[in-house]
Amino acid sequence: MPERTAAAGEWPKIVGFVCDWSVDLAPLVEAGRLRELPNVRIIRIPCSGFVRPAWLEDALGRGADGVFVTGCPYGDCLNREGNYLMRDRVDQLQRRLVRRRIDPARLAMLAHGLHDGQAFLAEIRAFVERLRALPKAAAARPPQAPAAASATEGEG
């Protein structure tokens, strides 16, 4: 079994959806990954409320060990309620994960302001440590073939 460290194999693999108006990622990210934690892939989004729960489930289903969403501090969302909306969606998705026997600790909602880079990194480090304490996630599901496209090809 490979060693479970970020340096030895980028474990745990983490996907983070981060609002453009929350943490200033310029000093923290390089090539779409956190400089300090290269096992954390960052996807920038216009608002945390923009994220669909299916995206989070898809990331977990494709082999991510953990997924998080970062929005603006509560009460300070540029789009008024995006972070509250996403927090509720994360709560609902965590309950759904429990029913599917997936540890809900693999999903997190964070809220940080533009100048909270160090607090953001500290919370991500804590998330990484929580994930390392969990059993490794089940193998990723294989990608599904586009059945609808192949069924309609050749017709016309």
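## Overall fold

How many helices and strands does the chain have? The chain has five helices and six strands, taken as DSSP runs numbered from the N terminus (helices are H or I with at least four residues, strands are E with at least two). Along the sequence they follow the pattern α-β-β-β-β-α-β-α-β-α-α.

This is a predicted model, in which local features need pLDDT of at least 70 and side-chain atom pairs count only at pLDDT 80 or more, while totals for chains, interfaces and linings use all residues. Residues are numbered from 1 along each chain as its sequence is written, and side-chain values use heavy atoms, with hydrogens and water left out.

Of the 156 residues in the chain, 40% are buried (under 20% relative accessible area; exposed is over 50%, partly exposed in between, with a 1.4 Å probe and protein chains only). Among contacts (heavy atoms within 4.5 Å) with a separation of 6 or more, 74% are between residues 24 or more positions apart.

## Helix 3

Helix 3 covers residues 82–99, and its end C-alpha atoms lie 26 Å apart, in agreement with the 26 Å that its 18 residues should span at 1.5 Å a residue. The expected span is 1.5 Å times one less than the number of residues.

The buried residues of helix 3 are G82, N83, M86, R89, V90, L93 and L97. They cover an arc of only 115° around the axis, which puts them on the same side of helix 3; the arc is that of the directions from the helix axis to the C-beta atoms. The face turned away from this buried side carries the exposed residues R95 and R99. Cover for the buried residues includes helix 2 (53–61), strand 5 (66–71) and strand 6 (107–111). After helix 3 comes R101, with a positive phi near 60°.

## Packing of helix 2 on helix 3

The axes of helix 2 and helix 3 come within 10 Å and cross at roughly 45°. The axes are lines fitted to C-alpha atoms over the stretch in contact, and angles run from 0 to 180 degrees between N-to-C directions. The two helices are therefore oblique to each other (under 35 degrees is roughly parallel, over 145 roughly antiparallel, 65 to 115 roughly perpendicular, the rest oblique).

On the helix 2 side, P53, L56, E57 and L60 meet M86, R89, V90, L93, R96 and L97 of helix 3.

## A buried loop residue

L25 sits in the loop between strand 1 (14–19) and strand 2 (29–30). L25 is buried, with a relative accessible area of 3%. Leaving out residues up to four places away in sequence, L25 touches V18, I42, R44 and F120.
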